[in-house]
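Q: I would like to learn how to read the salt bridges in a structural model. Could we work through one together?

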Amino acid sequence: MWRPWGNKKMPLRIHDTSSPFSCSSFKDIQHLCTQDSSASSKRNANVFYRVRIVNSLLRSWGPARTWKITDSVSDPSISIPGAEKRVVVYFTSLQVVRSTFEDCKTVRSILHGFRVSIDERDLSMDSRFLNELRGILGQSNLTLPRVFIGGRYMGGAEEIKQLHEIGELKKIVERLPAAEPGTCVVCGGYRFLLCNECNGSRKLYTQKSGFKTCTACNENGLIRCPSCSCNFLFFFFC
């Protein structure tokens, strides 16, 4: 209920405002804030230092890597004539096998970082590249990608990634001339054009024999760009 009215004085509780901290001016507060921030930064530095030490220990305790580069790099019999000043990559842009697609994507990304002339031969765009690669390597069962640098065979995805990690790939690629800036004005950098004979339909009509299959293009109705790819063609296309 209501408190009784009267002159009776009720005891009042007064909060104790005393504290170990006493400040006489604003400068003291600023000095304390500076000390607090420096202490927190030291704590963060100590944490980062401990994390760095732990990471270095984990790396040292981990299994040692042994880099194994194939001997085919020094094999003069596996080479592409006329490709001494460029990189040739056989790959696929199809995502049917994800691991193969990821390997091709990784290798192409590594090679494009060196800004050199690259002749990319997509087997999914032209199946004749498969026959060409089989003739070069002398193998029927092939995995992609396959890379040639300066006309010499360098290997597949594992070899290129290993060479890149130890810094040897950069030394090899630096011997090649730099790529010319810009893209091909004829094909826009796609390296393929629609066939001029059948316009990509793969069919030709004559009054004498009716419809027949076009032999000037590949199975996709495409031909290689004569502007940017003429100097890259191997003997299968020349």
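Q: Which elements make up the chain, and in what order do they run?
A: This is a predicted model. The chain contains five helices and eight strands, arranged from the N terminus as α-β-α-β-α-β-β-α-α-β-β-β-β. Of its 238 residues, 30% are buried. Among contacts between residues at least 6 apart in sequence, 67% join residues at least 24 apart.

Q: How many salt bridges does the structure hold?
A: A salt bridge requires a side-chain nitrogen of Lys or Arg within 4 Å of a carboxyl oxygen of Asp or Glu. The structure holds nine of them.

Q: What does the pair Arg-224 and Asp-119 tie together?
A: Their side chains meet in a salt bridge at 3.3 Å, N to O. Arg-224 belongs to strand E8 (residues 222–224) and Asp-119 to strand E2 (residues 118–122), so the pair ties together parts 105 residues apart in sequence.

Q: Are Arg-224 and Asp-119 buried or exposed?
A: Buried means under 20% relative accessible area. Both Arg-224 and Asp-119 are buried. They also belong to a network of salt bridges that links Asp-119, Arg-121, Glu-132 and Arg-224.

Q: Where do Asp-103 and Lys-161 lie?
A: Asp-103 forms a salt bridge with Lys-161, with the closest N and O atoms 4.0 Å apart. Asp-103 lies in helix H2 (residues 98–112) and Lys-161 in helix H4 (residues 157–165), so this pair ties together parts 58 residues apart in sequence. Asp-103 is partly exposed, at 25% relative accessibility; Lys-161 is partly exposed, with a relative accessible area of 25%.

Conventions:
Residues numbered from 1 in each chain as written. Predicted model: local features only at pLDDT ≥ 70, side-chain atom pairs only at ≥ 80, totals over all residues. Heavy atoms only, no water. Helix = DSSP H or I, 4+ residues; strand = E, 2+ residues; numbered from the N terminus. Buried < 20%, exposed > 50% of the residue type's maximum accessible area, 1.4 Å probe, protein only. Contact = heavy atoms within 4.5 Å.
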